[in-house]
Amino acid sequence: MAFSDEEQGAGRVAVIVTPPAGEAPRTTLVVELEGWSVHCALTTGQLHRLTNGLAGRGRRNTIRPLTASEEHVHLTGTPEVLTVEFGDHAIDIPAGPRRSFSWALRALEEQLAADAA
């Protein structure tokens, strides 16, 4: 999913799923913006809460996963925007028309559940 913001510039958001041998798949959210990037691993529960936040369901939609550098990334989702905060950086990413980011994450959740079964 691509995003752009007049002040921030253009960037990319990716969700990467890596299936370690014999373990549950690992989900990583990656945000890149003009030479700056952050990535954080999401547990199944964190991915579910983020999906619900972007769908407009649930009150506790802020999640604080750790990055590889052990610094916290704060994620907040609403039907209009995904907010990523890391150190001095705060990026608002439009969630797309008709909550398309939430729909994409929900499809990913369903695929992971089907693969685990």
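In this predicted model, Gln46, Leu47, Leu50, Thr51, Asn52, Gly53, Leu54 and Ala55 of helix H1 are buried. Their cover includes strand S3 (26-33), strand S4 (36-42), S5, S6, S7 and helix H2 (100-116). Helix H1 comprises the twelve residues 44-55; at 1.5 Å a residue they should span 16 Å, and the end C-alpha atoms are 16 Å apart, so the two values agree. Gly56 follows H1 and has a positive phi, near 85°.

Strands S5, S6, S7 and S8 form an open sheet in the order S5-S6-S7-S8, with antiparallel pairing. S5 and S8 are the edge strands, each pairing on one side only. Between S6 and S7 the antiparallel pairing runs over four bridges, and Gly77 stands opposite Leu82 in S7.

| Strand | Residues |
|---|---|
| S5 | 62-63 |
| S6 | 74-77 |
| S7 | 81-86 |
| S8 | 89-94 |

Thr62 lies in strand S5. Is Thr62 buried, exposed or partly exposed? Its relative accessibility is 26%; buried requires under 20% and exposed over 50%, so Thr62 counts as partly exposed. Leaving aside neighbours within four places in sequence, Thr62 is in contact with Arg49, Leu75 and Thr76. Thr62 and Thr76 are 14 residues apart along the chain, and their C-alpha atoms are separated by 4.5 Å.

Note on methods. Residues numbered from 1 in each chain as written. Predicted model: local features only at pLDDT ≥ 70, side-chain atom pairs only at ≥ 80, totals over all residues. Heavy atoms only, no water. Pairing = 2+ DSSP bridges. Helix = DSSP H or I, 4+ residues; strand = E, 2+ residues; numbered from the N terminus. Expected span 1.5 Å × (residues − 1). Buried < 20%, exposed > 50% of the residue type's maximum accessible area, 1.4 Å probe, protein only. Contact = heavy atoms within 4.5 Å.
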